[in-house]
Amino acid sequence: MSEGARRRALVVRGGWEGHAPVEATELFIPSLVEAGFGVTVSEDLDVYTDAELMAATDLVVQCWSIGTMTPEQSAGLVSAVHAGTGFAGWHGGVVGTFGGSHDYLRMVGGLFLWHPEDFLEYEVTIEPGQAGHPIVAGLDDFTVTTEQYWMLTDSLNTVLARTTFTPEDGEHGRGPVDMPVVWTRGWGAGKIFFSAIGHRVADLEQPAVRTLTERGLVWAAR
């Protein structure tokens with residue numbers, strides 16, 4: 001942990017290596033340190049059962065895709081966030097994992113269902129009513145070429161950015177639908193930030209994506 005830190009961040013990473021959990025999280029650790037966080041890294045989900053550590057943690061940054069949680073791990077994380085620990089992350093490291101933990105999914109506000117087989121170029125539109133939110137303030141709409149996530153999401157989410165998703169021919173019997181890309185939400189005293197973009201490190205390095213992700217991590221912290 002860095003000296004003189006005002007707040008504590010816990011980076012929890014692992015699971016499916018296809019989402020490059022180490023490389024992706026290493027991209028954001030320097031900006032957390034610069035923002036005044038002492039950063040601890042764990043590659044073991046049992047860290048969520050350490051009640052003393054979790055109570056002292058101001059922000060959890062999670063990148064753990066296609067994983068399973070024990071009831072004790074889930075309860076430790078969910079209760080810590082409810083008590084005020086912030087929680088943040090991106091892509092499958094948040095909504096493509098721990099599908100058997102209903103309390104966890106209710107906390108994060110979404111669940112990944114599907115994406116087209118190929119990468120798509122699509123526009124991310126900043127929600128007009130949220131354009132002044134500190135996570136997206138000053139950002140214009142932008143285009144990415146990566147996986148486009150189809151998700152089930154909670155109506156209690158505050159959507160900061162969205163995209164238009166065009167179902168394949170014959171699906172649902174209707175035209176294009178809006179799909180959230182970036183959201184925040186509350187869970188008890190805790191704040192949550194999520195962005196659907198981040199399949200590759202290169203996606204996270206895109207300037208607009210990197211900016212909103214860095215801001216989102218700090219925003220979610222206690």
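**Figure 1. Surface and overall fold of the predicted model.** The accessible surface of the chain comes to about 9,800 Å². Carbon and sulfur atoms account for 50% of that area. The model is predicted, not experimental. Its secondary structure comprises seven helices and 11 strands. Along the principal axes, the C-alpha atoms fill a box of roughly 50 × 35 × 30 Å. The radius of gyration is 17 Å, which agrees with the value near 17 Å for a compact globule of 222 residues. Buried residues make up 52% of the 222 residues. Among contacts between residues at least 6 apart in sequence, 74% join residues at least 24 apart.

Figure 2. L113, W114 and L152 make a nonpolar surface patch of about 280 Å². L113 sits in strand β5, residues 110-114. Its relative accessible area is 43%, so L113 is partly exposed. That value also clears the patch cut-off of over 30% relative accessible area.

Figure 3. V177 is found in strand β10, which spans residues 177-187. The relative accessible area of V177 is 15%. Buried means under 20%, so V177 falls in that class. Leaving out residues up to four places away in sequence, V177 touches W150, T163, T164 and F165. T153 is 24 residues from V177 along the chain, and the two C-alpha atoms are separated by 13 Å.

Figure 4. For H91, phi is near 55°, a positive value in a residue other than glycine. H91 lies in the loop between β4 (86-90) and α4 (92-95). At 1% relative accessibility, H91 is buried. For F98, phi is likewise near 55°, again positive in a non-glycine residue. F98 is placed in the loop between α4 and α5 (102-108). F98 is buried, with a relative accessible area of 1%.

**Figure 5. T213 inside helix α7.** T213 belongs to helix α7, residues 207-220. T213 has 0% relative accessibility and counts as buried. A polar atom of the T213 side chain lies 2.7 Å from the backbone oxygen of V209. Further along the sequence, beyond four places, T213 touches F28, W90, F193 and L204.

**Figure 6. The E127–R162 salt bridge.** A search of the whole structure finds seven salt bridges. In one of them, the side chains of E127 and R162 meet at 2.7 Å, N to O. E127 lies in the loop between β6 (120-126) and β7 (142-146), and R162 lies in strand β9 (residues 158-165), so the pair ties together parts 35 residues apart in sequence. Each partner is partly exposed. E127 has 22% relative accessibility. R162 has a relative accessible area of 21%.

**Figure 7. The R185–D154 salt bridge.** The side chains of R185 and D154 meet in a salt bridge of 3.2 Å, N to O. This pair links distant parts of the chain, 31 residues apart: R185 in strand β10, and D154 in the loop between β8 (150-153) and β9. R185 is buried, with a relative accessible area of 7%. D154, by contrast, counts as partly exposed at 25% relative accessibility.

Figure 8. R210 and E214 join their side chains in a salt bridge of 3.2 Å, N to O. The two residues are four apart in helix α7, so about one helical turn separates them. R210 is partly exposed at 28% relative accessibility. E214 is partly exposed at 25%. Helix α7 also holds T213, which is buried.

**Figure 9. A salt-bridge network.** R13, E26 and E43 are linked in a network of salt bridges.

Conventions:
Residues numbered from 1 in each chain as written. Predicted model: local features only at pLDDT ≥ 70, side-chain atom pairs only at ≥ 80, totals over all residues. Heavy atoms only, no water. Patch = residues over 30% accessible without salt bridge, like charges linked within 9 Å, V, L, I, M, F, W, Y side chains within 5 Å. Areas by Shrake-Rupley, 256 points an atom, 1.4 Å probe, with all protein chains shown as cover. Salt bridge = Lys/Arg side-chain N within 4 Å of Asp/Glu carboxyl O. Buried < 20%, exposed > 50% of the residue type's maximum accessible area, 1.4 Å probe, protein only. Rg over C-alpha atoms; globule rule 2.2 N^0.38 Å. Contact = heavy atoms within 4.5 Å. Polar contact = N/O pair within 3.5 Å; in protein donor to acceptor, adjacent residues only side chain to side chain.
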